[in-house]
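Have the model open alongside while you read.

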Amino acid sequence: MVKTSPFFRSGRLLKIGILGGTFNPPHFGHLRLAEEVAYTHRLDRIVFVPSYIPPHKALSEIASPTDRMNMTSLACEGNPAFAVSDMEIAAGGPSYTVDTLEALANERSGEIFFILGTDALREIYTWKNYERLFSLSHFIAVTRPGSDFRSAWDDLPEHFRAKFREELGCLVHAGSARVIPSTVRGLEISATMIRDLLKAGNSIRYLVPDSVRTYIMDTQLYRIDS
């Protein structure tokens with residue numbers, strides 16, 4: 001595990017991608033997405049930030065913060081461009097993106113790019129202090145099934161969209177942050193699908209790293225109690 005503060009100490013300004021999520025469990029879809037975004041957008045690092053309590057999800061099927069942190073750390077092993085931060089778990093309580101970005105902005109040692117899907121972009125105006133987000137970070141919007149960038153953007157409130165201008169293929173906020181449409185699509189793997197396979201007693205091999213699969217089997221996560 002890489003703690004947040006030491007990770008951001010560097011001799012130069014890094015371009016750092018932030019990939020937040022429940023990671024319940026982390027899978028090859030997350031890893032491949034991070035790899036493609038880093039390569040396509042020339043980011044120096046991708047930091048995975050597991051949430052403590054995701055505010056938009058039911059808690060009944062979510063593994064403990066410790067288990068999800070452990071699995072994410074295992075998933076990222078072996079890739080020097082990947083790191084894992086426990087900042088949201090250490091903070092406790094509901095995990096809000098604006099609070100995470102505020103904390104990262106206080107580090108003042110990296111250019112931050114928050115990675116989200118076009119499905120999340122479409123709903124971003126429902127996030128806590130959503131207008132504040134665009135004074136704290138750039139955003140890279142990756143395409144999700146059934147939700148292309150333009151349709152997601154057009155669904156946002158007009159008064160919000162009016163604060164952006166188009167420039168070199170990006171949307172630039174009045175506070176200088178950019179929303180960057182990405183050609184990265186990722187793999188169509190979901191944590192829900194993996195949990196459903198586990199509940200049915202089916203194999204999840206080749207959907208998650210072997211280290212994560214072993215952890216799930218050893219701890220009997222996501223099993224149905226008889």
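C170 counts as buried, at 13% relative accessibility (buried is under 20% relative accessible area, exposed over 50%, partly exposed in between, with a 1.4 Å probe and protein chains only). C76 is buried too, with a relative accessible area of 5%. Take a disulfide to be a pair of cysteine sulfur atoms within 2.5 Å, and the count comes to zero.

Keep in mind that this is a predicted model, where local features need pLDDT of at least 70, side-chain atom pairs count only at pLDDT 80 or more, and totals for chains, interfaces and linings use all residues. Residues are numbered from 1 along each chain as its sequence is written, and side-chain values use heavy atoms, with hydrogens and water left out.

**The sheet**

- Eight strands make up an open, mixed sheet, and they run in the order β3-β2-β1-β4-β5-β8-β7-β6.
- β3 (82–84) and β6 (164–167) sit at the edges with a single partner strand each, so one side of each has no neighbour in the sheet.
- On average, neighbouring strands here are turned by 25° against each other, direction ignored.
- As for the terms, strands (E, at least two residues) and helices (H or I, at least four) are DSSP runs numbered from the N terminus, and two strands pair if DSSP finds at least two bridges between them.
- β1 (residues 14–21) pairs with β4 (residues 110–117) in the parallel sense, over five bridges.
- Look for I16, which stands opposite I112 in β4.

**Helices on the sheet**

- Helix α2 (residues 28–40) lies across β1, β2 (45–50), β3, β4 and β5 (138–142), and runs at about 145° to β2.
- Helix α5 (residues 97–105) lies across β1, β4 and β5, at about 160° to β4.
- Those angles run from 0 to 180 degrees between N-to-C directions, using axes fitted to C-alpha atoms, for helices over the stretch in contact.

**Nonpolar cores**

- A nonpolar core here is a set of buried Ala, Val, Leu, Ile, Met, Phe, Trp, Tyr and Cys residues joined through side-chain atoms within 4.5 Å.
- The largest one has 36 residues, and L19, V37, I46, F48 and I216 touch the most other members.
- Elements giving two or more residues to this core include α2, α3 (65–76), α10 (191–199) and α11 (210–219).
- Helix α2 supplies the largest share of this core, five residues.
- Beyond its neighbours within four places in sequence, V37 is in contact (heavy atoms within 4.5 Å) with R42, L43, I115, I140, V142 and V184.
- A second, separate core has 31 residues, among them I18, I124, A141 and L156.

**Aromatic rings**

- Rings of Phe, Tyr and Trp (its six-membered ring) pair if their centres lie within 6.5 Å; planes under 30 degrees apart are stacked, over 60 edge-to-face, and the rest tilted.
- The whole structure has 12 aromatic pairs.
- One of them is W153 with F160, a tilted pair at 6.1 Å centre to centre and 50° between the planes.
- Both partners are buried: W153 at 3% relative accessibility, F160 at 0%.
- W153 also meets F164, with ring centres 5.0 Å apart and planes at 90°, so this pair is edge-to-face.
- W153 lies in helix α8 (residues 149–154) and F164 in strand β6, so the pair ties together parts 11 residues apart in sequence.
- F164 counts as buried, at 10% relative accessibility.
- Ring pairs link F114, W127, Y130, F134, F139, F149, W153, F160 and F164 into a cluster.
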